[in-house]
Amino acid sequence: MPEPTQKAETETEAEILPPAETAPSPEQKKPKEDGTEQGKVWSLGDGTEEEPEKHDNSERSTLFVEKPQGGSVNVGGNITFIAKVEAKDLLRKPTVKWFKGKWMDLASKAGKHLQLKETFERHSKIYTFEMQIIKAKENYGGNYRCEVTYKDKFDSCSFDLEVHETSQAAPSIDIRSAFKRSGEGQEDAGELDFSGLLKRREIKQEEEPEIDVWDLLKNAKPSDYEKIAFQYGITDLRGMLKRLKRMRREEKKSAAFSKILDPAYQVDKGGKVRFVVELADPTVELKWYKNGQEIRPSTKYIFEHKGNQRILFINNCTLTDDARYHVTAGDEKCSTELFVREPPVVVTKALEDLSTYVGERVELSCEVSEEDANVKWFKNGVELTNEPRSRYRIKVDGKKHTLIIDEATKADTATYSVMTTGGQSAAKLAVDLRPLKIMQPLTDQTVRLGKEIALKCEISENIEGKWYKNGQLIQASDRVKLYHKGRIHRLVIGSAVVDDEGDYMFVPDAYKVNIPCRVHVIDPPRLHLEGLGDDNTVTVVAGNKLRLEIPISGEPTPKVMWSKGDKWIMETGGRIRAETYPDSSCLVIDIAERDDSGQYRIMLKNEAGEDAAQINIKVVDIPDPPEAPNVTEVGEDWCIMNWEPPAYDGGSPLLGYFIERKKKQSSRWMRLNFDLCKETTFEPKKMIEGVAYEVRVFAVNAVGISKPSMPSKPFVPLAVTSPPTLLAVDGVTDTTVTMKWRPPDQIGAAGLDGYVIEYCFEGTEEWIVANPELTDKTRFTIPNLPTDSRIFVRVKAVNAAGPSEPKLYPQPILVKEVVEPPKIRLPRHLKQTYIRRVGETVNLVIPFQGRPRPKVSWKKNGASVDKNQINIRNSENDTIIFIRKAERSHSGKYDLKVKVDNLVDKATIDIQVVDRPGPPHVVTIEDVWGENVALTWQPPKDNGNAAITGYTIQKADKKSMEWFTVIEHYHRTSATITELIIGNEYYFRIFSENMCGLSDEATMTRESAVIAKDGKVYKNPIYEDFNFTEQPLFTQPLINTYAVAGYNATLNCSVRGNPKPKITWMKNKVTIVNDPRYRMFGNQGVCTLEIRKPSPYDGGTYTCKAVNELGEAAVECKLEVKVAQ
């Protein structure tokens, strides 16, 4: 078999120009090629004399290896132009464009008459670009140009196409066979179905009884139309179905025709057909029409008259005679359809069984009796389609049909069959693995640490494989690179580490063969002293245990030796010893002493080399405690202390001091600073006044904290109070001044012994003590003052620490009594009616002002207040009216009068004491009808001293006498009770309601209301069965989504339908089946498609389709996969 090749082929179809008339293609003519593709036979028509010269120019081309050559073709023929570009020096595919004339880009014209193809030959590294013109027309001739670009390189080539008229007879298939024929004047008359030009009519080859396809289609299901069309060679299925629909209409009875044409006739190609009608009046003029055009007598069309019969013969029927015919007699007409069948297509050369190896190119070929026949391929009974991304490519070359598999796999082993309208053929394809040979095995390696590890092997086949280390699968990463080029497999580790040592093995896919090797990694010994600092000094506290661990490396594990001076340190016993581990070595000193300070040497050695270092060990201790501190100054809550540094700093510089204090009577010391104090002076704060304290000091160095110093001598912080506050004049007479104040805001630990009041006359600076002895009250009257004099007053607070700062009244005080008019300050809530419930307490405080002390009097409703029921208390500044348990008799207007000499102020307070109302007066049943009862009632006689806010109505069945509320907060005195139960007897009762609540009792109707049963006929309701079936409907559509390459993406939608619809997912209109990259879920109508680790290739249009027996529905969205930056 030929060497396997990999081709990336894309093919597009389009029209070069919109064709007016085209004819079915005769033999395809293709240009010949040499060497590279021997299976193709091409014809360029007549060559020109300039061809050798053009070939020479192509060799000197920048990019072209072979340029397209000009050629000629007959009208209706095919021709292909080929350009080749060498990709040996190109990193990616070049860009190729085809032009007609100077500007027309043919890529936009690709379609039925133009196909653009491109392939890549891996071994020769040659790109082949083809432009094929199908069924050429006269206007296709002219100058063409091919341009190729790659980065800054450019090359182009022009060539000519000549189109010649053919002198041969026209083919038997007329262009009109492509039309969807319809009656004259119909909406689809004259419409061109170009798909009919690309197909051939086919019939079954086997001799069977004559079958009328027309009758077969009329009686078949619509789902079987396409199958019948392929079986009987019908290409214009859509037009035929329109004709079938039109012919199913019921023919009207005709007065001119006693016998009309049959609905349809069928004849084989080359046969003869006979149309017969019978006229009711033989004298009527009769005309025959084909597709609306009148038929004239000729050798092909023969007319006969036999009595009332009129006969039309059509000889030598061709596909152009496949049309709609009608005959007119006067103003009436009748019509029919004629179908012309082609002979069946048979398989002239059958498929042959084939055996091959994995990766080889497979071609299964057969030949049929007609060129470009409609042929279907099957794999194990499943039809194969020639889609762009399919592994299977179908190639048609005249009568030869070939199925191509570029790189066969074991999954391609199957039975392949080909089917035509007149026969079929099958063959078995067996794909096996090629015997594997090890051309170059892996070799054992010894590699230094950090160097590259490169493993390489070569096998006889170009297949994938897996690498294993110590039986574990190796995955490619940034450090481990796996390469596969052709038959060579390589594993490269850029920088070897110790863990890379082990047994490696390569296992080719699909073969039970492994290629082993051993990798040994070595490393010179090395000491890692990065954590010891620049001078390799280690400090240890005296009396502590030192465990100095030095990390080491080396492969194989190096030998470790410790020494101090000329003395070796052994690994066993002793206070100083060495301990060795695979990745470190430890120097251990159990109890460090000052004599252990000095230089220590460590040395490593293995087969790859040696290493050594000097380590300095320093033994230090904590400092001595400082002397006892001295307290030099004491304040309110602070003191100042100082001390001397300790005599010995422990061999390490002092870092600072910690200070602690405690109460003298306590044993609990409290630290005062958490940040080290750098000085030998400190100020403790936030101490409690009047409490004795002691302080002490700790010295701190890098080793630790010293023992505490001796405590200082005890000391007690004390402070005076702050000045008194809110000093004000409380009263003035002709000989006295009364002052009041508030205690100081801050009273120290010494407490407050009392106050001193001082005054001085205006104009003097002599302060006179008003109270020889301290007073502990906050109000004091200064006696024996001269009338009309002016004095200043100040107050001091006194405690054990002394008097505080004085509080001075800022204004001079005139010693003379002042008359102040009375003024009642009535609270806001008493300016409106004061409402209380019966039994609640009434306690009203009404402040007033006036000098001298006003006289207060109370009256109720104009009369004096009964002090046995109402308590009244008066003071200098207010009056209080108090009622322990309010009764309704306490309601009324209370008048207050305040009088100072001849000055009077008055105020009125309205007190309302309320209670629950009484029940309604009379409740009457006014009327009973149907399920309703009308009630009326009178308001209650006692409203509880408050307005009636509503009524509550209840009902009770006479049998149970259980009361149920039917209406609440009802404002009217009449109501209609509805929805009562027929046949029951009811009593009703009503409660009154005011702001205190419902009345304690209710008024009930004396008589009952009977809901009569007469006049009611119960009809059972009729319920129709509900039809729950429905066609599929998407309740939540798919949404356009962006995904990141390498991260799973999901598409979700929801659908409903009954019966449960079948869900199908499609990508770019192609059904997704058995693809491991996709997972499909469905739960409670929610449909989910999960795309595992998508790549930009997975972008496109995704469709979810739901189908059940009632219909189908579909939604789609676009997925764009972005590569993470």
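1. How many bridges join strand E7 to E8? Eight, and the two strands run antiparallel. Strand E7 covers residues 114–121. Strands here are DSSP runs (E, at least two residues), numbered from the N terminus. Two strands pair if DSSP finds at least two bridges between them.

2. A note on the basis. The model is predicted: local features need pLDDT of at least 70, side-chain atom pairs count only at pLDDT 80 or more, and totals for chains, interfaces and linings use all residues. Residues are numbered from 1 along each chain as its sequence is written, and side-chain values use heavy atoms, with hydrogens and water left out.

3. E7 and E8 make a hairpin. Four residues lie between them. In the turn, Lys-125 has a positive phi of about 55°.

4. Strand E4 (residues 79–86) also joins E8, through eight bridges. This pairing is antiparallel. Ala-83 stands opposite Phe-129 in E8.

5. Is E8 buried or exposed? Eight of its eight residues (126–133) are buried, so the strand is largely enclosed by the rest of the structure. Buried means under 20% relative accessible area, with a 1.4 Å probe and protein chains only. Ile-126, Thr-128, Glu-130 and Gln-132 point one way. Tyr-127, Phe-129, Met-131 and Ile-133 point the other way.

6. Elsewhere, four strands form an open, antiparallel sheet in the order E29-E31-E35-E34. Strands E29 (438–440) and E34 (480–485) are the edges, each pairing on one side only. E29 meets E31 (residues 453–459) over two bridges, in the antiparallel sense. Ile-438 stands opposite Ile-459 in E31.

Note on methods:
Buried < 20%, exposed > 50% of the residue type's maximum accessible area, 1.4 Å probe, protein only.
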